Amino acid sequence: IIPNSSVWGSSVVNYSHHATRRVDFTLGIGYDDDIEKAMQVIKKTVDADERTHKEPEPQIVVGNLGESSVDIIVRVWTDAANYWPLKFHLTRAFKQAFDDNGITIPYPQRDLHVFHKAEFPIPGMNQEKAGG
């Protein structure tokens, strides 16, 4: 059940209308990892699953240099009925393949650079409390 205002006020996309669907992934790897090796591991993982279509050819490209990772975009085509099973399977398979090949999936991180050392006395603190 869809409210009339949703139907009249926006576009409706019927994904089940098409026989095939594209499954998209964004996989982040560490900046110290070998991009070519990661892309080969991804391609091998995609090619190993018979549900992925060979035409159009899977797309594996570097899509972004993020704050904590190099983001690789993966786009594969499959039959519409295989969309979710393939997405779930490949998500797990990519993680396992990365682990097996020493490719890191980095955690978001921040580097803190301290350029000025605080000097004693700190207002409100005497030297005895500060250990000196």
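How many bridges join strand 2 to strand 3? Six bridges link strand 2 with strand 3 (residues 70–79), and the two run antiparallel. The model is predicted: local features need pLDDT of at least 70, side-chain atom pairs count only at pLDDT 80 or more, and totals for chains, interfaces and linings use all residues. Residues are numbered from 1 along each chain as its sequence is written, and side-chain values use heavy atoms, without hydrogens and water.

Helices (H or I, at least four residues) and strands (E, at least two) are DSSP runs, numbered from the N terminus. Strands pair if DSSP finds at least two bridges between them. Three strands form an open antiparallel sheet in the order 1-3-2. Strand 1 (20–29) and strand 2 (59–65) stand at the edges; each has a single partner strand, so one side of each lacks a neighbour in the sheet. In the pairing of strands 2 and 3, N64 stands opposite D71.

Two helices are described next. Helix 2 (residues 35–48) packs on the sheet and touches strand 1, strand 2 and strand 3. Contact means heavy atoms within 4.5 Å. The direction of helix 2 makes about 15° with that of strand 3. Axes are lines fitted to C-alpha atoms, for helices over the stretch in contact, and angles run from 0 to 180 degrees between N-to-C directions. Helix 3 (residues 83–100) also packs on the sheet, touching strand 1 and strand 3. Its direction makes about 25° with that of strand 1.

L65 lies in strand 2. This residue counts as exposed (over 50% relative accessible area, 1.4 Å probe, protein chains only), because its relative accessibility is 60%.

Methods: Buried < 20%, exposed > 50% of the residue type's maximum accessible area, 1.4 Å probe, protein only.
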